[in-house]
Amino acid sequence: MSSTDPGGALPWLVPPPYDASAASLTAHAHAIGEAMAGRGRLWLGPFAPPSRLPAGFEDTALVVPTSGSTGTAKAVALSREALLASQDATAQLFADDGTAPSTRGHGFWLPLLPPTHIAGVQVIARAHRTAKVLGLEAAALPAPLPDLRGHFDAATFATLAAPALAQAEQLGLPAITSLVPTQLARIVTGTSGADVRSRALLKRFAAVLVGGAATSPDVLARARAQKIAVRTTYGSSETAGGCVYDRKPLPGVQLRVVNPDLTGAGRLEISSPTLALGYLTADGGTDSAPFEEGPARSFGERPARTFLTSDLAQLDAAGALTVLGRADDVINTGGRKVLPQDVERAIERSLMLRGMVRGSVVV
C-alpha cells in the first residue's frame with residue numbers, strides 16, 4: 001500500500017498491519033527493499049503519515065515508532081543515508097574482526113524480530129544491502145520468509161534456522177541473526193533434545209546480535225561457553241539501531257559522558273552519521289530537542305550531530321561502554337541516589353537467593 005507525499009517525489013509505503021505471518025513479513029520486506037532502493041519512503045509510525053514533510057525532514061526514508069521515556073508514542077524519521085551508514089559500519093566491523101572477511105562484512109540474515117521497529121527493519125535492510133554490494137539477484141534472506149506466529153522456543157528456532165543455514169551455505173555467505181535476550185535465554189538454558197539441537201544450529205551462525213534490553217551475565221556466559229558467536233548491541237531508533245557492539249562504538253560513532261559524577265557516570269551523548277533527523281509529531285510538527293548540531297572537526301566537513309540519550313553510562317579508559325540505567329529511573333532515598341538496575345544485579349548475584357528467585361524488578 002502506498003500514498004503520495006506532495007512535499008517530495010517519493011510515495012509513502014505503508015504496509016498492512018503486521019501479524020507475524022510469512023505473508024506479512026514478505027510485505028514488510030518488500031517495502032523495506034523499496035525504501036532502501038530509494039523508490040519510496042517507508043511509514044511505520046504510530047499515526048498517519050503527513051501530507052507534506054516539514055522543513056529539514058525532506059530526506060526522510062523511514063519512519064518508525066518509539067515510546068521514549070514518557071510512554072507517548074513518537075515517530076522517528078531516519079534518512080536513507082543514516083540507514084546505510086549503520087549497515088556499512090556493521091559490515092566494516094564484521095570485515096575487520098574476522099566475522100565475515102570474504103564477503104566484506106556482509107551476510108545472509110535470518111529475520112526473527114518484528115519488522116515494525118528499528119532492529120527488525122535493519123535485519124532485513126542489511127540483507128538488501130548484502131545483495132546490492134555483492135551483486136546478488138535477491139536480498140540475502142530465507143526463501144520463503146519464515147512464519148513468526150506462535151511461541152518462540154528452541155524447537156521453533158531449529159525449524160527456522162536449519163533451512164536458512166542451508167541457503168546461506170549455498171550462496172557462500174555467513175549466516176547472521178538478531179535476537180532479544182529472552183529468545184537467547186530460551187535457547188541456551190534449556191535441557192531438552194530440541195534445546196541441544198537449537199544450540200548446535202546457533203553455533204553455526206557467524207554472528208548472533210542480541211539487544212533491545214540488557215542481557216543477563218549468566219545468559220551471555222552460557223552462550224559464550226557454548227561457542228555461540230553472540231554480540232551484544234546497544235542503540236535505539238534514534239541511532240538507526242545498534243551503534244555499539246560488545247561495548248565498543250561502531251566505526252564512525254563517538255561516545256561521550258556528559259557531566260560525569262565522581263564515579264564517571266553521566267548522561268550518554270552519541271555523535272554518529274547514523275542519527276535520525278528528529279521526531280515527527282501527530283499534529284504535523286517536529287521535535288528535535290535531544291539532537292544538536294556540533295562544530296565541524298575540520299575545514300569543509302559537515303557539522304557533527306549529537307544525540308543526548310536518557311541513559312546513564314560510564315566509559316572506561318579503553319572507551320568501552322557500560323550502561324547503568326535510565327537517568328529518569330534513579331531513586332532518591334535517604335539522601336542517596338540508587339539505580340534500580342544495581343539492586344536487580346545484586347539480587348541476581350546473591351548466593352543466598354540463588355535458585356529461589358526466577359526474576360526481579362525494582363521500582
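User: In which helix is L93 found?

Analyst: This is a predicted model, in which local features need pLDDT of at least 70 and side-chain atom pairs count only at pLDDT 80 or more, while totals for chains, interfaces and linings use all residues. Residues are numbered from 1 along each chain as its sequence is written, and side-chain values use heavy atoms, with hydrogens and water left out. Helices (H or I, at least four residues) and strands (E, at least two) are DSSP runs numbered from the N terminus, and in this numbering L93 is found in helix α2.

User: With which residues is L93 in contact, leaving aside its neighbours within four places in sequence?

Analyst: Contact means that heavy atoms lie within 4.5 Å. The C-alpha atoms of L93 and H106, which are 13 residues apart along the chain, are separated by 10.0 Å. With neighbours within four places in sequence left aside, the contacts of L93 are R231, Y245, L250 and P251.

User: In what order do the strands of the open sheet stand, and which two are at its edges?

Analyst: Two strands pair if DSSP finds at least two bridges between them. The open sheet has 6 strands with mixed pairing, in the order β6-β7-β8-β9-β10-β11. One side of each edge strand is left without a neighbour in the sheet because each has a single partner strand, and these edge strands are β6 (108-110) and β11 (248-249).

User: Within this sheet, which residue of β9 is the bridge partner of L209?

Analyst: Strands of a sheet pair through backbone hydrogen bonds, in either the parallel or the antiparallel sense. The strands β7 and β8 run parallel and are joined by 4 bridges, with A207 of β8 as the partner of I176. The strands β8 and β9 also run parallel, joined by 3 bridges, and there the partner of L209 in β9 is R231.

User: Which residue of β10 does G235 stand opposite?

Analyst: Strand β9 (residues 230-236) and strand β10 (residues 241-245) pair in the antiparallel sense over 4 bridges. The residue of β10 that stands opposite G235 is G242.

User: What angle does the direction of helix α5 make with that of β7?

Analyst: Axes are lines fitted to C-alpha atoms, for helices over the stretch in contact, and angles run from 0 to 180 degrees between N-to-C directions. On these terms, α2 lies across β7 (175-179), β8, β9 and β10, and runs at about 30° to β10. Helix α5 (residues 181-189) also packs on the sheet, where it touches β7, β8 and β9, and its direction makes an angle with that of β7 of about 110°.

User: Which residues of β8 are buried on its two faces?

Analyst: In a regular strand the side chains alternate between the two faces of the sheet. Buried means under 20% relative accessible area, exposed means over 50%, and partly exposed lies in between (1.4 Å probe, protein chains only). Both faces of β8 are covered, the buried residues being A207 and L209 on one side and, on the other, V208 and V210.

User: Is T215 buried or exposed?

Analyst: T215 is found in the loop between β8 (207-210) and α7 (217-225). Leaving aside neighbours within four places in sequence, T215 is in contact with P181, L184, V210 and L220. With a relative accessible area of 16%, T215 counts as buried.

User: What is the relative accessible area of L324?

Analyst: L324 lies in strand β18 (residues 321-326), and its C-alpha atom is separated by 5.4 Å from that of L312, 12 residues apart along the chain. Beyond its neighbours within four places in sequence, L324 is in contact with residues including A265, L312 and R345. L324 is buried, and its relative accessible area is 13%.

User: Which element gives the largest share of the lining of the largest cavity?

Analyst: On a 1 Å grid over the protein atoms alone, a cavity is a set of points where a 1.4 Å probe fits but cannot get out, and lining residues have an atom within 4 Å of a point. The largest cavity is lined by Q87, T90, A91, G105, H106, G107, W109, R126 and T130. Two or more of these residues come from each of α2 (80-96) and α3 (118-134), and the largest share, 3 residues, comes from α2.

User: How many nonpolar residues are in the lining of the second largest cavity?

Analyst: Ala, Val, Leu, Ile, Met, Phe, Trp, Tyr, Cys and Pro count as nonpolar, Asp, Glu, Lys and Arg as charged, and the others, Gly among them, as polar. The second largest cavity is lined by I32, A35, M36, L42, L62, L83, V121 and A125. This lining has no polar and no charged residues, and its nonpolar residues number 8.

Definitions and conventions:
On a 1 Å grid over the protein atoms alone, a cavity is a set of points where a 1.4 Å probe fits but cannot get out, and a pocket is an open set with protein on both sides within 12 Å along at least five of seven lines; lining residues have an atom within 4 Å of a point.
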